[in-house]
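Subject: Structure for you to look over

Hello,

I am handing over a structure that you have not worked with before.

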Protein chains: 2
Amino acid sequence: MKLHTFPTAPSPRRVHLFLAEKELEIEQVIVDMRKAEHMSDEFAAIHPDCTLPVLELDDGTCLSSCAAICRYLESVQPDPPLLGSSPEECARIDDRDRWIEMNGLLAVMEGFRNVAPRMKDHALPGRRPVAQIPELADRGRERFRWFLEDLDAMLAKTEYVAGEAFSVADITALVTVDFAQWGLKVPRPDELTHLARWYQAVSQRPAIKACD
Amino acid sequence: MKLHTFPTAPSPRRVHLFLAEKELEIEQVIVDMRKAEHMSDEFAAIHPDCTLPVLELDDGTCLSSCAAICRYLESVQPDPPLLGSSPEECARIDDRDRWIEMNGLLAVMEGFRNVAPRMKDHALPGRRPVAQIPELADRGRERFRWFLEDLDAMLAKTEYVAGEAFSVADITALVTVDFAQWGLKVPRPDELTHLARWYQAVSQRPAIKACD
């Protein structure tokens with residue numbers, strides 16, 4: 001298998017942090033997003049939606065959802081488990097990971113794509129032109145602040161975002177918070193102390209520090 | 001475990017069709033969305049986001065993502081498998097299911113929530129007020145048409161949306177197509193013949209007919 005990727009972009013970073021925590025190395029094909037290589041006919045032939053990352057399996061199957069890629073990688077190398085062990089723990093992590101994606105990451109992406117000049121006519125992923133809607137930039141920032149408040153409340157109850165163990169959901173949350181800092185210019189509010197405690201612990205993990 | 005639900009709404013319907021295909025019966029608690037019972041303080045204490053469905057496990061864990069709920073139910077009753085068997089098949093189904101959710105179901109929901117009069121100030125799920133953006137109604141319809149074109153192209157190659165076997169991804173796609181008919185007034189275009197063939201086969205499955 002091989003990973004089509006551009007490691008510093010937010011979505012690919014989710015997979016790279018996952019690989020780093022697993023100490024798993026796989027073949028990489030760099031697709032330079034700064035040169036819009038992901039929008040080329042060549043890459044569209046691999047993945048018509050033109051998003052990154054894409055995990056190409058040996059049978060030719062191409063996976064483009066970060067979560068589906070991580071789930072497949074977990075089946076390839078189960079240890080350390082990042083998607084849970086018991087059915088209940090797996091369900092909690094899956095549910096929380098999706099909650100972070102829908103309420104946090106999508107909010108930041110929506111805001112960023114509707115405000116960044118280079119995203120003009122790319123308000124949604126893909127090659128079809130989609131005009132920016134400036135109201136969505138403001139709404140994205142507001143949604144992201146709500147997300148941080150809710151996440152802080154969750155972290156008041158548990159060590160990590162989906163329970164007492166580090167999981168893939170922490171990776172999704174970390175990527176979301178970091179993306180918002182540069183993409184939306186929304187820093188973490190100091191008063192969210194549980195979030196601050198969690199951010200410090202997760203961002204300082206050896207695998208994550210080594211990966212960035 | 002028990003399912004907090006309002007069976008005719010699109011998201012709960014995903015879980016009900018999944019249960020029907022599994023021939024699995026679980027305790028249900030009806031939360032009447034027509035009376036906005038899901039927005040009540042009582043329900044917010046169970047699930048602060050105030051969305052349906054919610055699967056409450058015996059240990060008190062509440063799952064609110066349809067896909068996470070279905071995955072947990074698959075672990076409770078593996079047969080018939082609706083999430084795949086081999087790691088590669090599971091990955092293909094997971095990836096396609098998420099693609100349908102992001103590009104189809106979210107497009108329809110976005111369109112519906114930004115045009116329906118009763119969704120005023122509820123352009124996003126939850127109790128926080130979010131104003132409608134009329135441009136998103138038109139964009140939702142356009143995105144949904146693109147989704148149908150892409151889905152038709154996929155169904156030109158395979159019997160079901162994620163391969164040669166019926167899966168949870170077909171349920172998500174069916175719910176999306178039906179929701180668009182009443183929510184966005186976008187019917188299935190007759191010229192998408194692969195989609196028509198698939199829709200006929202899936203909507204006429206005994207479990208699905210019996211459920212609706």
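The model is predicted: local features need pLDDT of at least 70, side-chain atom pairs count only at pLDDT 80 or more, and totals for chains, interfaces and linings use all residues. Residues are numbered from 1 along each chain as its sequence is written, while chains are lettered from A and ligands numbered from 1 in the order in which they are written.

**How the two chains relate**

Chain B can be laid on chain A with an RMSD of 0.0 Å, using a turn of 180° and a shift of 0.0 Å along the axis. This is therefore the relation of a two-fold axis. The superposition is by least squares on the C-alpha atoms of residues with pLDDT of at least 70 in both copies. The same surface serves both copies, as 100% of the contact residues of chain B recur in chain A.

The contact takes 23 residues from chain B and 23 residues from chain A. Two residues count as in contact if their C-beta atoms, placed from the backbone, lie within 7 Å. On the side of chain B that touches chain A, the elements giving two or more residues are α3 (66–76), α4 (87–113) and α5 (134–155) of chain B. Helices (H or I, at least four residues) and strands (E, at least two) are DSSP runs, numbered from the N terminus. The largest share of that side of chain B, 8 residues, comes from α4(B). By class, that side of chain B has 10 nonpolar, 4 polar and 9 charged residues. Here Ala, Val, Leu, Ile, Met, Phe, Trp, Tyr, Cys and Pro count as nonpolar, Asp, Glu, Lys and Arg as charged, and the others, Gly among them, as polar.

**α4(A) against α3(B)**

Across the two chains, α4(A) and α3(B) pack at an angle of about 165°, with their axes 9 Å apart. Axes are lines fitted to C-alpha atoms, for helices over the stretch in contact, and angles run from 0 to 180 degrees between N-to-C directions. α4(A) and α3(B) are therefore roughly antiparallel. (Angles under 35 degrees count as roughly parallel, over 145 as roughly antiparallel, 65 to 115 as roughly perpendicular and the rest as oblique.) The crossing of α4(A) past α3(B) is right-handed; a crossing is left-handed if the near helix is turned anticlockwise from the far one by less than a right angle, and right-handed if clockwise.

In this pair, A:P87, A:A91, A:D94, A:D95 and A:R98 meet B:A67, B:A68, B:R71, B:Y72 and B:S75.

How many of the 11 residues of α3(B) are buried? The number is 9, so α3(B) is largely enclosed by the rest of the structure. (A residue is buried if 20 or more other C-beta atoms lie within 10 Å of its own, exposed if 12 or fewer, and partly exposed in between, with C-beta atoms placed from the backbone.) The cover over the buried residues of α3(B) includes α4 of chain A, together with α1 (10–22), β3 (54–56), β4 (62–63), α4 and α6 (168–183) of chain B.

**α4(A) within its own chain**

The axes of α4(A) and α5(A) come within 7 Å and cross at roughly 155°, so the two helices are roughly antiparallel. Their crossing is left-handed.

α4(A) and α6(A) pack at an angle of about 15°, with their axes 9 Å apart. α4(A) is therefore roughly parallel to α6(A). The crossing of α4(A) and α6(A) is left-handed.

**Backbone points to check on screen**

- The peptide bond from B:L52 to B:P53 is cis, with omega near 0°; B:P53 is in the loop between α2 (41–46) and β3 of chain B.
- B:D79 and B:P80 are joined by a cis peptide bond with omega about -10°, and B:P80 is in the loop between α3 and α4 of chain B.
- A:E23, a residue other than glycine, has a positive phi near 55°. A:E23 is exposed, with 10 other C-beta atoms within 10 Å.
- A:C50, also other than glycine, has a positive phi near 60°. A:C50 counts as buried, with 21 C-beta neighbours inside 10 Å.

Regards
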